[in-house]
Amino acid sequence: MKTGKATQAIHGRRDKSYRSANYPIYNSATFAVSKSSDYDHLDSDKDTHIYTRYSNPTIRNVEEKLAKLESTDGGVLFASGMAAITTTILTFAQNGDAIAVSSRLYGVAQRFLRDMAPQLGIDVHFLDADELYDLKEYAPTAKLVYFETPNNPTCACLSISEVVRAAQEIGALTVIDNTFATPINQNPAALGVDVIIHSATKYIGGHSDLMAGAALSDARHTAQIHEMMALWGGCSNPAEAALIDRSLKTLKVRVEAHNQTAQTLADFFSAEPKVRRVHYPGLSSSSDHAVASAQMSGYGGMLAIELESLSEAKTFCDKLQVALNATSLGSVETLVSLPVLTSHRSLSEEERERAGVTPGTIRISTGLEEVDDLIADFKQALAAI
Ligand SMILES: Cc1ncc(COP(=O)(O)O)c(C=O)c1O
C-alpha cells in the first residue's frame, strides 16, 4: 500500500510475538544461531542478525523507516552525523582521488575535509555555488561531490538539480547532507542525489537526547557504506535506535510546526532595525527563495540573523530567558548559537567569510514553544543591545 510520510514514520516493523505498539528494543550485542549452518545464509538473509555492529532488528527498523522517508532502497544508521559523513566519504574516495565539496558546510565536516582527508591522500576542492554547477571546469576529475542545502549556519541554498547535472557530466557520485531540511521538507533522491546523509541527532531525534547519523542510498551504495561502517565501527546501538523510532512518530508534525515558527520569527526579525540581515529561504526577499521553493515543500526550522558585531551577538544571546544559548539544532527547545564560537570556530576568517559567516551571525533553531513567548524573549534581548 502506498503511504504518506507521517504513516511511514509511525509504522515500521511489527512485533510479531506480542503485537506491541512500539517495536521491541533488542538489547543484545550478539545473537545466537540455531545451528552453525545458519552462517551459510548470512549474506542472503537480511533478517539473520549475529552481532549488533553488523545489524540489529531495532536498528534495522529505523534504517528501513528512514530509507522509506527518503525514497531510497536502504540505509545505514551511525553513532553520529559525523560518523555518517566521514564513513560515507571514505567509502567512495581513496588515496589519489579528487573530490569536490561545497565551501559552505557544517564547520566540523569542513574541518575533516580540510585537515584529515588530505592526510589520507584525497585531493579536496572547496567550491562556491557557481563552481559546483560547473564541475567540468572546476573539478573535472572529482569522483564525489559533497554538499549541504540549506547549509549550516546561514541556510543558503544550492540547486540540487544543478549540482546533480554537473556531477553527472563528470561521472561523480553525489552526497548531500539533508539535516537542515529533514526528509519532510526535501527529498534529494527524487532529484537524482546518490547518497543522503542526516545528523539524526537533530530533527530526526528532535529532543536533544540522542546522538546518531544516517546514510541512505540505493541497494548497491548502501551495501558499500554498510561494509565500511562495520569496518570503521561507527555503528548505532539499540537503545538509541529505539529513541529515534519514538521520535520519528512525531517527525512530520514537529517539522511542520518548526517551519511555521521559523517563518513567523523570520518575519519578526526582518522588521527589527537592530537586525542587519535575516537569512531564511522562506522570505520572499531572500536570494535563496526561488531555489528553495523549487525543491523544498517547507522552508525549515532554521534561520540566522546578523547583528552588528560579536559583542552585540553575545549580549543578545546572554539576555535570552526562553531560548537556550546552546550548540546543536532541530530540537523542541529553541536553541541559539554563535557559529564563530561553536560550529565554525576552527575555520579561518577567510573560510568563514567564504561561508557567509560574520562575527555577529546568530544561528537560531526554532523550537516548539509558543511563538509569542519566543518573540517576547527575542524582543527583550534585542532591547538590551
Ligand atoms: C548540518 C550538520 N551535519 C552534520 C552534523 C554532525 O552531526 P553530529 O553532531 O550528529 O555528529 C551537524 C552537527 O551540528 C550539522 O549541523
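Modeller: Helices (at least four residues of H or I) and strands (at least two of E) are DSSP runs, numbered from the N terminus. The model is predicted, so local features need pLDDT of at least 70 and side-chain atom pairs count only at pLDDT 80 or more, while totals for chains, interfaces and linings use all residues. Residues are numbered from 1 along each chain as its sequence is written.

Colleague: In which strand is Glu 148, and which residues does that strand span?

Modeller: Glu 148 has its place in strand β4, which spans residues 142-148.  Answering with the name and then the range, that is β4, residues 142-148.

Colleague: Is Glu 148 buried or exposed?

Modeller: A residue is buried if 20 or more other C-beta atoms, placed from the backbone, lie within 10 Å of its own, exposed if 12 or fewer do, and partly exposed in between. Because Glu 148 has 24 C-beta neighbours inside 10 Å, this residue counts as buried.

Colleague: Which residues does Glu 148 touch, leaving aside those up to four places away in sequence?

Modeller: Two residues are in contact if their C-beta atoms, placed from the backbone, lie within 7 Å. With residues up to four places away left out, Glu 148 touches Ser 102, Arg 104, Leu 105, Tyr 106, Ile 176, Asp 177 and Phe 180.

Colleague: What are the two domains of the protein chain, and how many residues does each bring to their contact?

Modeller: Domain bounds come from an automatic or database domain assignment, and here they give domain 1 (5-248) and domain 2 (251-383). The C-alpha centres of these domains lie 26 Å apart. Their contact takes 35 residues from domain 1 and, from domain 2, 37 residues.

Colleague: Which helix supplies the largest share of the side of domain 1 that touches domain 2?

Modeller: Four helices each supply at least two residues of that side, namely α1 (5-10), α4 (107-116), α8 (182-185) and α10 (238-248). The largest share, 4 residues, comes from α4.

Colleague: How many residues surround the ligand, and how do they divide into nonpolar, polar and charged?

Modeller: A residue is near a molecule if its C-beta atom, placed from the backbone, lies within 6 Å of it. The closest residues to the ligand are Ser 80, Gly 81, Met 82, Ser 199 and Thr 201. In the classes used, Ala, Val, Leu, Ile, Met, Phe, Trp, Tyr, Cys and Pro count as nonpolar, Asp, Glu, Lys and Arg as charged, and the others, Gly among them, as polar. The ligand is surrounded by 15 residues, which divide into 5 nonpolar, 8 polar and 2 charged.

Colleague: How many helices and strands does the protein chain have?

Modeller: Buried residues make up 49% of the 385 residues in the protein chain. The elements of this chain are 15 helices and 12 strands.
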